[in-house]
Amino acid sequence: MDVDEVADGQTGQFLEQAWSTFGALIEDTTGVVPAAESEAEHISALAAVGRAMPECVAAGGNGYSELLCLLSRLIGYLPETHPRRGQLVAAVSVSIKGILGPEGSVRDITGHPLLEGDPRTTIESMVGAVRSALVSLRREDPLVGDLLSALQSALTLRFAVGGDLRDLHLLVTAARAAVRLEPADSAFRPFRLLDLAGAWHRLGSRDGDERHLNAAIEIGRRVAPEIPADDWRHPLALHKLGVMLAERYEWVGNSADLDDSIMWRREAIASFERLHPSVSSPSREEAEVRMFRSGLMAALNTRYARNHDRADLDDALAIGRENVTADQPSSRVPGEASIRNNYASSLYQAGLADHDARMLVRSARIYRDLIAVDRDLVSRRRLASDRALTFSAIHQVTGDRVAVDRAVTLFERIRDSMDPQDPDAAVQFGHLAHAYLRRYEAVGDASDLENAALAYRSASEVLRGRLLHRLRAAYAWGRSLARLGEWDRALEGFQAAVALLAEVAVPRLRPGDRLEVMAMVFGLPDAAADCALMTSGPERARKTVELLEQARGVLAEQSLGTGDDAALRALDPVLWQIYERRLSDGDAAVDPAVWRETLARIRMLIPDFHRLPSIKDLLADAGDRTVAYIVVSEHRGHCVAVHRKRLVVVPLEMDRDWVVDAASALYKGLGVALGENPGEPRIKGESAVVDVLGRIWETVARPVLDALGFDGPSPPDERGPLPRMWWIPCGLTALLPLHAAGRWDPEAERWSDSVLDRVVPSYAATLRGLVNRGRRPVEDAAEDAGQDPDVVVIAPDDPSLPGLPRERAILEDYVPQGSRGVVLTEADLPSQHVVERLARCRVAHLACHGEWDRTDPHGSGFRLGPSQTLTVRELARLDLPHAELAYLSACNTALSLTSALQTLDEGLTLATAMHVAGFRNVVGSWWPVNDLIAVRMVRELYAAMASDPGGGDRRIDPRLSPTAVHSAVKALRSRNPGRPSLWAAHIHVGG
């Protein structure tokens, strides 16, 4: 008997075969000679049970549980030479595997004939029975592998009803044991390895650990193609590999995984068609090939949504037309519902792309017909939701008011039929809100916008919903009410969104979800701050700063894994696991009492764990610092400044369009000034940059400095140190080089007034981060001179950096031989080697290209060679107890030119990322720097920071870096006043 073949058959067929096999085996035991006389009684009793098989079956789940336990005991009694022994093990395995689908997926187990009554009790009996049989066998027994396979099926079922991750870890352990016990030359070894791949896949899908999914894919890639082409499991193995690759694409967003998934799914279909030139209906083969085709359609739909390559959508539509022939779906045809569902999805996308209402109507009809034959309430509700989305699309294409009314009505029915705390409610309430919004935009009835806000609020409050869905809904709740001018009510939505953003814990997210969060909440700090400033009452400035700190703190620190969550994971992995489960499954995943106790224990370790900072604490911590937040919305701009422990609000005459126009002109001018457009004179680009810096001065910088009392340079006889000031540009305003803004006098060809003339400017991601870095005591490098390097210079050989040899020569004066310094010049430096050095240094100088990854800002970093990149994410994982200064002598370390207007991760540039990661002071460049200027900047800045350069003591004092950058930039400006591309690039962060 082929266990998998029987298990993949129809339930009725499987039961009939399993029972007959059991009966024959029990009848055979009448001739068994027991290993000991005392066992004869047991064997006789088991034979009696076999003769009473019909009564056991009639008793349902309880009878099956008892029978399975007894039969498992019989396996241990039969001698290894008994001819029926292998069939008995196969039959036990079949009885468990039959509850799983062809892919090893859990069906609706509550209605399965073998699980009548309490499924938990029956499944627990399965696990116990198989374990009992395993204990009774020798390790070398050839049937151990088959029983381990049965145990894997039982553990899969137990996880399905209990949700305990330990069962999936046991599943992996059982699968690994089966692989180890199978001889290397065994024909069954590839199948044991595929079971292991499946176990890693289940665990990775559930615990969100990309390493587990990677292990599954690695095994699948190696083993699936090696399954003999004439084996019926060959196409199934290829299909499963495609499924795993598609899932990793959803996590990571790597298009190569999606391409490979489609390739392997096509191979699976081709392999199946070679093995089965014709397929009868209904049959296991028909169900299998429909599953393959449906999966391919889903992957093609996904790739079309990413790339908009019409060939993918046409392929999906062709599969649908070929396989959906009857007008009405039949519940008798295995796999038809899935393939029709994906066909409807293809029609939906094609209808939107082509503005073809006929395709959308066909899609809606398919969903209607599927609802009519589907008996599962949850499935019908999701189909109804897809149908409602199709009606919304029909309205989008045709403007038909009736269509959007039908969409709203359907979603309202779905809402009324759901438990408000159903995990899916967050999604469905969000769909309802979007339908209200669409109707509001079509008709203009304010009640629809009000209803949309209420639906978004309901979605955000679904405690068992996915945190990402709730976050999206809370943000939309605030924006909807802001459109109505209901600022106080809108603020509740934005505050809820910021609180949920802290709950999401970005570093724990799958990379694909992490990017979704960053895209979703782009502008959240600005929108929340703008709303707070529009509210009534004297507390609006306080609310604004608190929201900015809370939202930006999460985006800047948690997204890098340097926040509270990373600390908890390092301090107490057990508490982290409880917290992680709550993050995965929503608030209801952990009992409220358990969560309160867990949170109390966490805060014994980390007192301020996920406590958002209050304005009182922020003002106290700020001391005498002056920090200016610059925010902009669709309609207005503001500066909210923390200045001498008080709050100052400065209205600014700008809006979002103004910022985009200024930034576009700036980067266009820089492109010309830097020689990116050979046909245009560079001086023309410089003039454009000068003009933009003047606009920024008059609109943003000068009004802020005037309001704060920094109203001009002191007279020559009264000049002392200039005051320090930190800019925190939020959202789009991070595109503006505020530090370089000034008034240009064209007649005198000089800067008559500017930021550099009034203050020593720096940047920061958050006030909290600035204060926290400032609290750390400055270490005396001499104390550690015998252990760790004081200065680490990373300057890998790179022909594209002609100034690198001169830069190295300058730095050698500040990196004496011995333990106080090290210069790394290898052409392709291993990133791990660099990381180890950085973790122990006080000053880091990176003379290499910076790279900005638009699709994943945290994958940005420093190119160490052709095959090595030091990423922001790697840096963020470091513990940097002594890190005082990072000098980033590289291109684009502040912002990428090419992606500046497409992706801006709330000021998370390479320079600010290094500050968030742990360096107290960071020197970076806003745009690519001329090599001669870069060398001069290095010489002047290090000389200004040296303790006693004239006396020979060239130890670096990073505390001098803000004024050193300021002086060096002003010196460059004095030599090249009309060429800001040469002097305005350098910035200081932190301090």
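Two strands count as paired if DSSP finds at least two bridges between them. Some notes follow, with that in mind.

1. Ground rules. This is a predicted model, where local features need pLDDT of at least 70 and side-chain atom pairs count only at pLDDT 80 or more, while totals for chains, interfaces and linings use all residues. Residues are numbered from 1 along each chain as its sequence is written, and side-chain values use heavy atoms, with hydrogens and water left out.

2. The overall picture. The protein has 41 helices and 18 strands; helices (H or I, at least four residues) and strands (E, at least two) are DSSP runs, numbered from the N terminus. Of the 991 residues, 56% are buried (under 20% relative accessible area, with exposed over 50% and partly exposed in between; 1.4 Å probe, protein chains only). Among contacts (heavy atoms within 4.5 Å) with a separation of 6 or more, 70% join residues 24 or more positions apart.

3. The S5/S6 hairpin. Strand S5 (residues 742–745) pairs with S6 (residues 750–754) in the antiparallel sense, over four bridges. Asp745 has Arg750 of S6 as its bridge partner. Four residues sit between the strands, and Glu749 takes a positive phi near 55°.

4. Leu770. This residue belongs to helix H34 (residues 767–775). Leu770 counts as buried because its relative accessibility is 0%. Leaving aside neighbours within four places in sequence, its contacts include Arg625, Val627, Trp726 and His915. Val627 is 143 residues away along the chain, yet the two C-alpha atoms are separated by 9.9 Å.

5. H31 against H32. Helix H31 (residues 656–673) packs on H32 (residues 682–707) at an angle of about 155°, with the axes 7 Å apart. Axes here are lines fitted to C-alpha atoms, for helices over the stretch in contact, and angles run from 0 to 180 degrees between N-to-C directions. The pair is therefore roughly antiparallel (over 145 degrees; under 35 is roughly parallel, 65 to 115 roughly perpendicular, the rest oblique). Contact residues include Trp658 and Leu666 of H31 and Val692 and Ile696 of H32. They divide into 12 nonpolar, three polar and four charged (Ala, Val, Leu, Ile, Met, Phe, Trp, Tyr, Cys and Pro are nonpolar, Asp, Glu, Lys and Arg charged, the others, Gly among them, polar).

6. H13 against H14. Helix H13 (residues 255–275) and helix H14 (residues 284–307) also pack at about 155°, with axes 10 Å apart, so these two are roughly antiparallel. Among the residues that meet are Ile262 and Arg265 in H13 and Phe292 and Arg293 in H14. This contact divides into 10 nonpolar, four polar and nine charged residues.
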